Amino acid sequence: MTELFNPNDDTRIAADSQVALHFSVSLENGVQIDNTRDERGDDTPPVSLVMGDGSLLPGFEQSLLGLRAGDRRTVHLPPEDAFGPWNPENVQTFDRTLFAATDVPETGMLMEFQDKGGGTLPGVVKSVTDSQVEVDFNHPLAGRAVIFEVLVVRVTPAGQTRIQLGRVG
């Protein structure tokens, strides 16, 4: 006899679980930063991830442990558990001549820079003078507490495969 696994039973989120969920992230003042649901309220598909795959920040993942399909949770995360503290060492000053005439920096502009490893690193221009450009490489939400709201849609234990059953004909 073949045993079929129903991922919506009492399966709780644990390390390496496959999880489908909807979530939103807001600042404490109510400004929404991200939302997996359509603004019109349509039934959009949930986001799928494997716990520990790096899709969510560790503080967000930690708040999911132990939940099961149908569970809702609202968590207030301090900066250190969300996007990290703001670090003054991540603010750098560059000579303005390093910027091409076509890429004239303006305060508030998001620009991409090349890091030492050849990858790209986003930075926000904080100030511009005739001779210097100050750029903040902190995450835009660094130093900010956030509210993480989640609705768990489906949980599949590590190593299991979700099987879609249906009628034929």
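Is Glu-89 buried or exposed? I looked this up first, and Glu-89 counts as exposed, at 64% relative accessibility. I noted the cut-offs: buried is under 20% relative accessible area, exposed is over 50%, and partly exposed lies in between, with a 1.4 Å probe and protein chains only.

**Entry 1: ground rules**

I am working with a predicted model, in which local features need pLDDT of at least 70, side-chain atom pairs count only at pLDDT 80 or more, and totals for chains, interfaces and linings use all residues. Residues are numbered from 1 along each chain as its sequence is written, and side-chain values use heavy atoms, with hydrogens and water left out.

**Entry 2: the chain as a whole**

I found 1 helix and 9 strands in the chain. From the N terminus on, the elements run β-β-β-α-β-β-β-β-β-β. Helices (H or I, at least four residues) and strands (E, at least two) are DSSP runs, numbered from the N terminus.

The chain has 169 residues, and buried ones make up 31% of them. I read the accessible surface as about 11,100 Å², with 48% of it belonging to carbon and sulfur atoms. Such areas come from the Shrake-Rupley method with a 1.4 Å probe, and for residues only the protein chains shown count as cover.

I then looked at contacts, where contact means heavy atoms within 4.5 Å. Among those between residues at least 6 apart in sequence, 67% join residues at least 24 apart.

**Entry 3: the loop between β4 and β5**

Glu-89 is in the loop between β4 and β5 (91–95). Its C-alpha atom is separated by 8.9 Å from that of Phe-137, 48 residues apart along the chain.

Phe-83 is also found in the loop between β4 and β5. I have Phe-83 down as partly exposed, with a relative accessible area of 22%. Leaving aside neighbours within four places in sequence, Phe-83 is in contact with Leu-57, Phe-60, His-139, Leu-141, Ala-142 and Val-146. Phe-83 and Ala-145 are 62 residues apart in sequence, and 8.4 Å apart in space from C-alpha to C-alpha.

Pro-78 is in the loop between β4 and β5 as well, and counts as partly exposed at 29% relative accessibility.

**Entry 4: the nonpolar cores**

Which residues touch the most other members of the largest nonpolar core? They are Ile-13, Leu-64 and Phe-148, in a core of 21 residues. β1, α1 (58–64), β4 and β9 each supply at least two residues of this core. I wrote down the term: a nonpolar core is a set of buried Ala, Val, Leu, Ile, Met, Phe, Trp, Tyr and Cys residues joined through side-chain atoms within 4.5 Å.

Not counting residues up to four places away in sequence, Ile-13 touches Val-19, Met-51, Leu-64, Leu-65, Gly-66, Leu-67, Val-152 and Val-155. A second, separate core has 7 residues, among them Phe-99, Met-111, Val-125 and Phe-137.

I looked up the largest pocket, which holds about 160 Å³ of space. On a 1 Å grid over the protein atoms alone, a pocket is an open set of points where a 1.4 Å probe fits, with protein on both sides within 12 Å along at least five of seven lines; lining residues have an atom within 4 Å of a point. The volume is the space filled by probe spheres set on the points.

The lining includes His-22, Phe-23, Arg-37, Arg-72 and Leu-151. β1 (18–27), β2 (32–35), β4 (72–77) and β9 (146–156) each supply at least two residues of it.

Phe-23 is found in strand β1 and is buried, with a relative accessible area of 11%. Among its contacts beyond four places in sequence are Asn-35, Val-47, Leu-56, Phe-148 and Val-150. The C-alpha atoms of Phe-23 and Leu-151 are separated by 6.3 Å, although these residues are 128 apart along the chain.

Most residues other than glycine have a negative phi. Asp-16 is not a glycine, yet has a positive phi of about 70 degrees. I place Asp-16 in the segment before β1, where it is partly exposed, with a relative accessible area of 47%.
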